[in-house]
Structures are given as structure tokens and as C-alpha cells.
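Hi,

Here is the structure I promised to pass on. Have a look at it first, and my notes on the charged pairs follow below.

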Amino acid sequence: YRMRDRFPEPRFVHMLGNTLASRLGRVEEAIKVYQEARASLGDDDLLLNNLGYALILAGRLVEAEAVLAPLYERRSSLGDDTALCAIASYGLLKIRKGDGDEGLQFYREAHTRAHGFMRKRIKQKMDVEEGRLLLARGKTQKAVSLLKGAATGPDPEFSAEARGLLVDSSN
């Protein structure tokens with residue numbers, strides 16, 4: 001029973017995986033969906049990005065890097081939105097590996113290149129991650145300001161993440 005038999009559209013795989021990981025918090029299940037899709041459908045670039053992102057969320061950073069580093073290296077040959085996702089995801093990987101300043105530089109690059117809704121989304125996630133870093137560095141006032149803005153941004157996943165950090169910062 002192959003993924004293609006169940007999900008003939010790669011777009012559906014992305015939606016299912018994103019829903020499992022982001023909306024329902026079932027990251028390991030999302031990873032399985034992406035891995036099964038990869039085995040069946042091949043190395044679709046957006047699929048690889050989403051797999052890498054889910055691996056980051058699961059704390060599986062070595063695996064995430066193995067997926068995201070080659071994708072990031074090919075960013076100039078990717079479609080615009082996929083390249084932006086690859087840059088931003090690689091930035092998140094750097095942040096979670098402990099290099100917050102370098103990771104934020106990747107987010108800034110993606111934000112500078114993005115347009116429209118994608119630009120707003122990247123800015124929102126960048127503010128969440130910068131807020132997280134500032135909290136860890138004891139710079140609460142600036143962090144709270146960034147996180148309040150991110151909490152009202154366009155992406156529900158990132159808004160929830162910002163609200164969670166705001167609650168944590170007040171405790």
C-alpha cells in the first residue's frame with residue numbers, strides 16, 4: 001500500500017503533514033507521512049523542506065541537517081517560494097543548533113527576498129525566533145514587544161508559538 005495510492009497529489013501530502021505537525025502537534029506522525037511520501041513520490045523539494053522542518057520540531061537536528069543542507073545549497077535552482085522556505089528552515093536549524101545570530105541572518109535573507117503573504121509569514125516566524133533568543137538572553141522587554149506583534153500575525157502556528165512564549169515569559 002503505497003503513498004501514491006492514498007495521496008495521488010503531492011500537495012495533499014504537504015497539507016496532511018503540515019496539519020499533523022503544526023496544527024495538531026503530532027510531529028512524529030508528520031515525519032512518517034513525509035518519509036513515506038518521499039519513498040513513494042521521490043525527492044520533491046517542498047516535501048524535503050517540510051520533512052526537514054518537522055525533524056527540527058521533533059529535535060532531530062542531525063537528520064534535519066542531512067535533509068535541509070543539500071536543499072539549501074540548491075536554493076538558487078528552486079522555485080521562489082520553495083527557496084524562501086529552504087532558507088528560512090535552514091535558519092531555524094541554525095537557531096536550534098545554538099547559533100541564533102546566524103540563524104536570524106537566514107531569516108532576514110528570506111524576508112528580504114519574499115513578497116506578499118510569504119513575506120508576512122517569514123517576518124512573523126523571524127520575530128518568534130528572535131523573541132525566543134532575546135528571552136534566553138534576558139532581554140525580556142524587547143522580546144515581549146516582538147512576540148506581541150507575532151502573536152497577531154497571519155500564521156496560526158506562529159501566533160500560537162508566540163503566545164506560548166509570552167505566557168512563559170510572564171511566569
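**Salt bridges and their surroundings**

Glu130 is buried, at a relative accessible area of 16% (buried means under 20% relative accessible area, exposed over 50%, partly exposed in between, with a 1.4 Å probe and protein chains only). Its partner in a salt bridge is Arg108, with 3.9 Å between the closest N and O atoms (the rule: a side-chain nitrogen of Lys or Arg within 4 Å of a carboxyl oxygen of Asp or Glu). Arg108 sits in helix H7 (residues 100-113) and Glu130 in helix H8 (residues 116-136), 22 residues apart. Arg108 is partly exposed at 32%.

Before you go further: this is a predicted model, where local features need pLDDT of at least 70 and side-chain atom pairs pLDDT 80 or more, while totals for chains, interfaces and linings use all residues. Residues are numbered from 1 along each chain as its sequence is written, and side-chain values use heavy atoms, without hydrogens and water.

In total, the rule gives 17 salt bridges. Another one joins Glu161 and Arg96 at 3.7 Å, N to O. Glu161 is in helix H10 (residues 156-170) and Arg96 in helix H6 (residues 80-96), so this pair ties together parts 65 residues apart in sequence (helices are DSSP runs of H or I, at least four residues, numbered from the N terminus). Glu161 counts as buried at 19%, whereas Arg96 is partly exposed at 28%.

Cheers

Note on methods:
Helix = DSSP H or I, 4+ residues; strand = E, 2+ residues; numbered from the N terminus.
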